[in-house]
Amino acid sequence: MGGLQKKKYERGSATNYITRNKARKKLQLSLADFRRLCILKGIYPHEPKHKKKVNKGSTAPRTFYLLKDIRFLLHEPIVRKFREYKVFVRKLRKAYGKAEWTAVERLRDNKPGYKLDHIIKERYPTFIDALRDIDDALSMCFLFSTFARTGKCHVQTITLCRRLTVEWMNYVVTSRSLRKVFISIKGIYYQAEVLGQLITWLVPYQFAHDHPTDVDYRVMATFTEMYTTLFGFINFRLYQTLNLVYPPKLDSKAESELKAEHEEDYAMDSESYLEKLSALSASLARVVATAEEEEENQLDQFPADGEDLENMEAREKEQKEQEAQNRLFEGLKFFLNREVPRESLAFILRCFGAEVSWDKSLCIGGTYNVTDETITHQIVDRPDIDKQYINRYYIQPQWVFDSVNAKMRLPVEDYFLGVTLPPHLSPFVEEKDGDYVPPEKLKLMALQRGEKHVQEEEEDDDDDDDDEEYNDEVDDEDLTEEKNLKKMEDQRSQGKTLAVKVTPGKVKPWETGSVGNKVRLEKEEKAEEKRLAIMMMKKKEKYLYDKIMFGKKRTTREANKLAAKRKAHEDTSKAEKKQKKAKKQ
Amino acid sequence: STLWANKSTNLQRGDTASTIDVSVLDIRNTVGNVPMEWYQDYPHIGYNLDGKKIFKPIRNKDELDEFLDKMENPDYWRTVHDKTTASDIRLTDEQVDLVHRLQKGQFGDVNFNEYEPSVDFFTNEVMIHPVTNRPQDKRSFIPSLIEKEKVSKLVHAIKMGWIKPRKPKETTPQYYDLWAKEDPNAILGRHKMHVPAPKMRLPGHEESYNPPPEYLLTEEERLVWEQQDAEDRKLPFLPQKHSCLRAVPAFSRFIHERFERCLDLYLCPRQRKMRVNVNPEDLIPKLPKPKDLQPFPTTMSLVYRGHTSLVRSISASPTGQWLVSGSDDFTVRFWEVNTGRCMKTLEVGGAVKSVAWNPNPAVCLVAVCFERTVLLLNPSLGDRLVVSSTDQLITAYEPPEEDKEQAVTWALSEGLEHNMGHRLTLTHPKAVKQVVWHGKGDYLSSVMPDNSSNLQVLIHQVSKRRTQNPFRKNKGLVQCVSFHPLRPYFFVATQRYVRVYNLIKQELTKKLMTNCKWISSMAIHPGGDNLICGSYDCRLAWFDLDLSTKPYKMLRHHKKALRGVAYHRNYPLFASGADDGSVIVCHGMVYNDLLQNPLIVPVKVLKGHQITHDLGVLDVTFHPTQPWVFSSGADTTIRLFT
């Protein structure tokens with residue numbers, strides 16, 4: 001044993017990591033500034049593999065950053081801006097204290113600011129990278145744009161967020177890239193496909209916020225600062241791809257239409273312009289005026305064979321479906337009643353090619369009145385309406401959402417005024433086999449395949465018919481459902497490693513020799529074989545196997561629970577129906 | 001010094017209050033403003049102005065005096081007790097009046113008028129004459145020259161373009177095509193390592209404002225949800241159903257959730273986790289089908305009933321016609337294998353720990369051990385010739401000339417015992433647990449587990465009635481022993497190790513590490529190169545003696561402690577019995593080719609024994625010629641699986 005003695009924690013993982021406090025000291029920043037920097041630069045802590053080694057033998061809980069990350073932060077020009085700002089605040093305070101108002105004014109005018117452009121470029125070297133990461137930015141901006149201007153954050157931020165979200169919605173409308181929508185209890189989810197990227201965002205309902213006290217708005221504001229910069233650049237680029245003018249301008253034709261009436265109602269020109277844009281009822285101005293936007297972008301046909309051909313066909317089919325969905329509401333004329341959420345509905349309807357209007361008192365930009373005879377659908381969200389026109393459907397807003405998700409115009413009967421609505425399903429759920437599929441989804445899938453809505457009609461008939469038939473049908477349904485349940489249970493029990501008991505004096509089934517017994521026997525034999533093979537598994541694999549099987553069992557259990565709950569619900573509702581009927585008679 | 005100060009203030013107060021003091025004698029106390037309790041134990045209560053003690057009144061007033069005073073004294077109500085002088089003071093009328101006024105909140109002084117008209121300090125009327133009559137300066141009328149100079153300088157600077165008006169600050173951010181010169185090669189190395197934040201989970205049906213009824217929580221589920229901690233909840237929100245979109249309220253935790261997402265984005269360590277995506281069927285090893293590995297016992301065919309207590313040990317005769325069993329009910333029973341008939345029952349003087357049938361087909365001898373005795377029996381079953389030749393073999397013994405002292409005493413049975421079948425009795429110094437025959441049938445080994453001595457294993461030679469103690473040292477508690485079927489090796493299993501001794505060279509050849517906590521049983525493959533060990537910690541270890549001293553395979557098939565293991569003499573089978581009441585039969589093929597490892601496939605789980613007192617199967621043994629397995633259990637039965 002010779003050579004230099006190795007010192008502990010001077011090489012290896014201990015030197016690759018740095019604790020938060022040390023990093024902060026190295027950067028000479030306050031904790032708040034350090035946080036801000038991390039948020040802006042997208043630096044996050046790392047969990048070392050051997051915490052004790054990195055922590056130099058201590059097991060105290062600490063946050064670790066990669067030393068490389070911190071070194072990378074050292075060269076950030078924004079750090080200097082932070083320090084300048086700190087100095088500025090100090091000077092300002094001093095000037096205030098001495099009541100030197102001219103100095104205060106001068107300082108105010110020279111307030112140091114910074115730009116995040118280079119950080120955005122650095123974090124997202126390609127446009128697609130940026131687009132991929134825009135989900136959170138969208139949700140955040142939509143949230144901030146709904147804030148009241150009461151000092152929770154800067155008014156400029158709120159207006160900027162509003163402007164950017166309006167721009168985004170206009171882009172989605174123009175590019176017709178909305179795919180899915182979902183009304184949840186939190187807000188409305190939208191999913192758009194922009195340049196091949198699926199982008200999902202959540203918009204809260206239009207209510208005043210009850211600002212929580214345990215939320216650090218500074219953190220949120222820092223995120224928003226970063227997001228607005230990113231979002232603006234993305235919007236710019238997206239508008240460019242569609243040959244639209246940025247910042248967006250209304251089409252000259254549309255502008256003149258809108259200008260004619262009620263201009264004087266709005267005090268400020270800049271504000272009214274944003275409002276007009278946010279009304280989403282008019283198309284945007286383009287850099288190069290195209291004659292009509294509908295140029296079919298056909299896929300180039302390449303000679304291909306075998307699998308490629310199949311793929312190609314599938315892709316073509318998909319594209320056709322997509323185009324059909326984009327024209328879902330084309331030719332329809334909608335009118336929104338006062339009580340429905342105007343912005344979201346106008347946005348969705350416009351995305352799928354419909355014409356929308358609303359009451360003049362509701363918002364700027366309505367193009368026609370309730371009295372217009374050409375209106376095909378009026379969206380109403382109240383139990384009844386006084387004056388009804390004959391030549392239009394009065395439907396509830398859920399129809400629009402469900403139709404978009406189903407990629408087809410659903411039958412309007414289920415969504416008429418005062419009708420109990422069918423459940424609203426999430427379009428984001430993709431059931432794998434073994435998962436529970438709600439019956440409504442099955443019905444919908446049948447409808448999409450083009451099958452007639454048979455069962456429903458039958459049920460209606462039955463309601464008119466005798467009770468007996470009705471009963472029969474119920475029984476049938478029950479039976480099928482029970483079968484399903486049984487099947488599920490069987491599937492579940494197959495996975496179990498329950499040993500078959502050898503009971504004394506049992507006559508073996510092959511002696512009886514019937515076909516069913518043989519099948520069962522074979523099954524049993526197979527199960528036993530599997531059991532024995534499982535016994536021979538290695539410990540590691542056995543653990544993994546058990547884990548997988550446990551997960552599978554849990555999913556089936558949950559699915560069964562849901563199915564049973566559904567069945568119980570249906571039973572009770574049917575019993576109630578029957579009782580009502582009996583009472584009537 | 002504080003005391004002095006107190007005294008002086010008291011003195012002053014006394015001076016000012018002298019008008020109130022009405023006592024005839026001037027007995028003012030000088031102790032100051034101190035608690036008078038301090039003087040409780042003294043006869044005096046302080047000092048007067050002359051420094052003389054003020055004594056307490058001789059008789060204190062008690063309750064009765066107080067009461068009488070209250071009743072009789074008309075001035076009682078205006079009498080005040082002065083603690084400092086311990087005397088009663090009758091208040092004068094003025095004093096009483098003062099007290100009354102103060103109680104009412106009035107001024108103490110009777111003559112004070114609180115409603116006097118206020119008089120301004122300065123007059124509020126404007127005088128006709130100014131305070132000073134100095135005329136205004138001229139400089140207050142003409143413009144300032146200095147200012148003019150300054151202004152003209154500024155004007156000149158503006159004219160020359162030195163001073164420019166401030167540019168209005170750009171408040172709205174400017175956007176441009178940031179990715180105009182996109183260079184995919186310019187991506188930083190850091191960026192390649194970057195782990196993008198995972199996207200938010202997409203909502204399921206339960207988050208809908210109008211979900212299907214099965215997704216709504218029932219009353220109990222809701223209660224459970226409310227009682228759970230926020231982290232334990234499966235759903236972070238309560239599913240709700242609203243009849244129409246208009247009825248949907250604002251989500252109260254919206255800002256919270258957004259904020260939590262922000263925290264996740266900048267505070268959570270990110271890691272790439274490899275998700276194992278395996279088909280569980282692929283994990284199951286591909287083994288040959290048990291069907292192809294037949295024959296092996298599959299069904300229970302016979303139950304041998306008769307014992308009244310747990311059957312510790314069984315052994316089959318080399319011909320396979322008979323079976324001997326030893327039980328805790330102090331009996332040894334002989335059974336006919338094919339019929340299940342009990343041929344013979346022998347009472348012995350203790351719980352039988354182990355029985356072993358002599359493997360030599362030319363000899364009909366059974367070794368039985370109970371307590372400190374090993375009994376050699378001739379059951380007189382089967383071929384008469386064999387039976388008589390066995391007897392002859394025993395009687396043909398001639399004692400050697402010089403009698404050596406032996407560890408056990410050999411005794412020949414005679415008379416009644418002889419008729420019962422007893423032939424030789426070996427009385428050991430300690431309780432015997434196991435007896436094992438050597439393959440040739442002449443040698444016999446017995447185990448007396450004892451942690452403290454080297455006399456644990458004995459090897460007996462029946463023909464010469466000689467006993468040897470092969471070990472000089474104690475290497476731990478011996479669990480069981482066994483002879484090598486072909487070569488002169490001897491296997492001794494202690495708690496954790498199996499030691500293999502060469503009997504001719506008298507040395508240790510191998511020490512096998514079993515990785516078990518406590519070995520219960522051991523069996524040696526008829527080929528002699530493989531060995532299995534059962535242990536109380538539910539494991540069965542298969543050793544390939546040529547391969548390593550560590551187990552070639554550990555089988556954890558049983559749920560409870562293993563009690564017995566056995567190899568089949570001809571077929572590639574081995575069986576293990578355990579406390580979970582099952583016997584697991586495995587196919588254990590050993591190849592002559594040294595390069596090929598043994599193939600071990602479990603082929604059958606045989607159940608039948610009831611578990612009594614947490615004990616299931618106690619011993620297993622194979623039929624010498626047929627692929628049948630016997631098992632004896634704690635439920636007093638012996639079972640045959642064919």
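How many salt bridges does the structure hold over all chains? The count is 45. The model shown in these views is predicted.

**Figure 1. The interface of chain B and chain A.** On the chain B side, 90 residues are in contact with 117 residues of chain A. About 9,100 Å² is buried between the two chains, and carbon and sulfur atoms give 65% of that area. B:Y175, B:W179 and B:Y266 supply 10% of the area that chain B buries against chain A, more than any other three residues. The count of residue pairs in polar contact between the two chains is 37. The elements of chain B that give two or more residues to this side are α5 (189–193), α7 (254–267), α8 (280–283), β26 (553–555) and β30 (599–607). Of these, α7(B) gives the most, with 11 residues. By residue class, the side of chain B that touches chain A divides into 51 nonpolar, 16 polar and 23 charged.

**Figure 2. Salt bridges between chain B and chain A.** Side chains of opposite charge can pair when their charged atoms come close. The rule finds 14 salt bridges across this interface. In one of them, A:K565 pairs with B:E221, with the closest N and O atoms 3.0 Å apart. B:K604 and A:E528 form a salt bridge with an N to O distance of 3.1 Å. B:K604 is in strand β30 of chain B and A:E528 is in helix α22 (residues 515–535) of chain A, so this pair joins two chains. B:K604 counts as buried because its relative accessibility is 14%. A:E528 is also buried, with a relative accessible area of 17%. A network of salt bridges links A:E440, A:R566, A:E570 and B:E214.

**Figure 3. Two salt bridges within chain B.** B:R222 and B:E226 form a salt bridge in which the closest N and O atoms are 2.9 Å apart. Both residues belong to helix α6 (residues 219–227) of chain B and are 4 residues apart, about one turn of the helix. An α-helix has 3.6 residues a turn, so residues three or four places apart point the same way. B:R222 is partly exposed at 28% relative accessibility, and B:E226 is partly exposed at 39%. The side chains of B:K430 and B:D450 meet in a salt bridge of 2.9 Å, N to O. B:K430 lies in the loop between β14 (422–427) and β15 (434–437) of chain B, and B:D450 in the loop between β16 (443–447) and β17 (457–461), so the pair ties together parts that are 20 residues apart in sequence. Both B:K430 and B:D450 are buried.

**Figure 4. The largest nonpolar core and another core.** In soluble globular proteins, nonpolar side chains tend to be buried together. The largest nonpolar core has 128 residues, and those that touch the most other members are A:W168, A:L178, A:W201, A:F329, A:F347, A:I348 and B:W179. Helix α12 (residues 217–241) of chain A provides the largest share of this core, 13 residues. Another core, of 20 residues, lies apart from it and includes B:A356, B:V374, B:W437 and B:L455.

Figure 5. A:N326 is in helix α15 (residues 306–326) of chain A. A:N326 counts as buried because its relative accessibility is 14%. Beyond four places in sequence, A:N326 is in contact with A:R176, A:R179, A:C351, A:F352 and A:G353. A:L328 is in the loop between α15 and β6 (333–336) of chain A and is buried, with a relative accessible area of 6%. Contacts of A:L328 beyond four places in sequence are A:F352, A:S403, A:V404, A:K407, A:M408 and A:R409.

**Figure 6. B:E336 in strand β8 of chain B.** B:E336 is found in strand β8 (residues 331–336). Leaving out residues up to four places away in sequence, B:E336 touches B:Y304, B:Q321, B:W322, B:R341 and B:M343. The C-alpha atoms of B:E336 and B:V324, 12 residues apart along the chain, are separated by 9.0 Å.

Note on methods: Residues are numbered from 1 along each chain as its sequence is written. Chains are lettered from A and ligands numbered from 1 in the order in which they are written. This is a predicted model: local features need pLDDT of at least 70, side-chain atom pairs count only at pLDDT 80 or more; totals for chains, interfaces and linings use all residues. Side-chain values use heavy atoms; hydrogens and water are left out. Contact means heavy atoms within 4.5 Å. Buried area is the accessible area (1.4 Å probe) that two parts lose on being put together, summed over both. A salt bridge is a side-chain nitrogen of Lys or Arg within 4 Å of a carboxyl oxygen of Asp or Glu. A polar contact is a pair of N or O atoms within 3.5 Å; within protein, one must be able to donate a hydrogen and the other to accept it, and residues adjacent in sequence count only if both atoms are side-chain atoms. Ala, Val, Leu, Ile, Met, Phe, Trp, Tyr, Cys and Pro count as nonpolar, Asp, Glu, Lys and Arg as charged, and the others, Gly among them, as polar. A nonpolar core is a set of buried Ala, Val, Leu, Ile, Met, Phe, Trp, Tyr and Cys residues joined through side-chain atoms within 4.5 Å. Buried means under 20% relative accessible area, exposed over 50%, partly exposed in between (1.4 Å probe, protein chains only).
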